[in-house]
Amino acid sequence: MKLSSILHRLNGLYKFGNSATKLRGKVFVNRIGSIRTGRNLSIVGHPWAVQITSTRGASLTFGDNVYVNAGVGIAANKEIVIGDNVKIGPRTSIFDSNYHRIDSADKSEMSRRITIGNNVWIGADCTILPGVTIGDNSVIAAKSTVNKDVPKNVLVGGSPAKVIRELEIEDGWIRD
């Protein structure tokens, strides 16, 4: 590895694909499968490390202007798609696989696609489970477990997450 490459990493930029990603702190990337990033992906691995994994044959896609906070774990065993302008709070887990069967009668697929829409805010300590789609502009309250699809423009919370209220989102409005 060239010294310029090492210095480039130390300055907070690391290339996953065609775009520079801003990394701060400890970020562990296990890339056997595909990882694609949009413009302005920012990952903060301080004070807790961030773990990003894409296993063989899997696909992990980050849209434009995505912010991943400290302690987040994202593991794609099939497919995870994260839209544009998404903010992911600290210590959140996003896994598209159960990794094992519940019992001998369980014949379901262990890995199922996760889709996170545009302009979504996921609070701290959330868990996003396999097969979930989170609609555009929605907010996931802190410490929520999302095990079912979330409609667009809603606030959900709890374990399991339930709709708390609808959100008023003007066309074109992007969360700061």
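Glu79 has a relative accessibility of 24% and therefore counts as partly exposed, since the partly exposed class lies between under 20% (buried) and over 50% (exposed). In this predicted model, Glu79 takes part in a salt bridge with Arg113, in which the closest N and O atoms are 3.0 Å apart. The pair links distant parts of the chain, 34 residues apart: Glu79 belongs to strand S8, whereas Arg113 lies in the loop between strand S10 (93–95) and S11. Arg113, at 38% relative accessibility, is likewise assigned to the partly exposed class.

The count of salt bridges comes to four. Among them is the contact between the side chains of Arg91 and Asp125, with an N to O distance of 3.1 Å. Arg91 is located in the loop between strand S9 (87–88) and S10, and Asp125 in the loop between strand S12 (121–122) and strand S13 (127–128); the pair links distant parts of the chain, 34 residues apart. Arg91 counts as partly exposed because its relative accessibility is 34%. Asp125, at 24%, also counts as partly exposed. A further salt bridge joins Asp125 to the side chain of Lys143, at 3.2 Å from N to O. Lys143 lies in the loop between strand S15 (139–140) and strand S16 (145–146), while Asp125 is in the loop between S12 and S13, so this pair ties together parts that are 18 residues apart in sequence. Lys143 has a relative accessibility of 58% and therefore counts as exposed. Through shared partners, these salt bridges join Arg91, Asp125 and Lys143 into one network.

The chain as a whole was then considered. One helix and 18 strands are present. Of the 176 residues in the chain, 44% are buried. The chain exposes about 9700 Å², of which carbon and sulfur atoms supply 52%. Among contacts with a separation of 6 or more, 28% are between residues 24 or more positions apart. The mean pLDDT of the chain is 89, and 88% of the residues reach 70 or more. Over residues 1–14, pLDDT stays under 50; for this segment the model has 14 contacts beyond four places in sequence.

Strand pairing was examined next. Strands of a sheet pair through backbone hydrogen bonds, in either a parallel or an antiparallel sense. Five strands form an open sheet with parallel pairing, in the order S3-S5-S8-S11-S14. Strand S3 (34–37) and strand S14 (133–134) are the edge strands, each pairing on one side only. Within this sheet, S8 and S11 run parallel and are joined by three bridges. Ile82 stands opposite Ile116 of S11.

Strand S7 pairs with S4 and with S10. Four bridges join S4 to S7, and the two strands run parallel; Ile52 stands opposite Ile74 in S7. S7 and S10 also pair in the parallel sense, over three bridges, with Gly73 opposite Ser93 in S10. In a regular strand the side chains alternate between the two faces of the sheet. Both faces of S7 are covered: Gly73 and Ala75 on one side, and Ile74 and Ala76 on the other, are all buried.

The largest nonpolar core comprises 34 residues, and those with the most contacts inside this core are Phe62 and Ile82. Two or more residues each are given to this core by strand S2 (20–31), strand S4 (42–54), strand S5 (59–62), strand S7 (73–76), strand S8 (79–82), strand S11 (114–116) and strand S17 (154–157). The largest share, three residues, comes from S4. Leaving aside neighbours within four places in sequence, Ile82 is in contact with Leu60, Thr61, Phe62, Gly63, Val66, Ile74, Ile88 and Ile116. This set includes Phe62, which together with Ile82 has the most contacts inside the core. The set also includes Ile116, the residue of S11 that Ile82 stands opposite. Ile74 is another of these contacts; this residue of S7 is buried and stands opposite Ile52.

Technical notes. Residues are numbered from 1 along each chain as its sequence is written. This is a predicted model: local features need pLDDT of at least 70, side-chain atom pairs count only at pLDDT 80 or more; totals for chains, interfaces and linings use all residues. Side-chain values use heavy atoms; hydrogens and water are left out. A nonpolar core is a set of buried Ala, Val, Leu, Ile, Met, Phe, Trp, Tyr and Cys residues joined through side-chain atoms within 4.5 Å. Buried means under 20% relative accessible area, exposed over 50%, partly exposed in between (1.4 Å probe, protein chains only). Contact means heavy atoms within 4.5 Å. Two strands pair if DSSP finds at least two bridges between them. pLDDT is the predictor's confidence in each residue, from 0 to 100. Accessible areas come from the Shrake-Rupley method with a 1.4 Å probe; for residues, only the protein chains shown count as cover.
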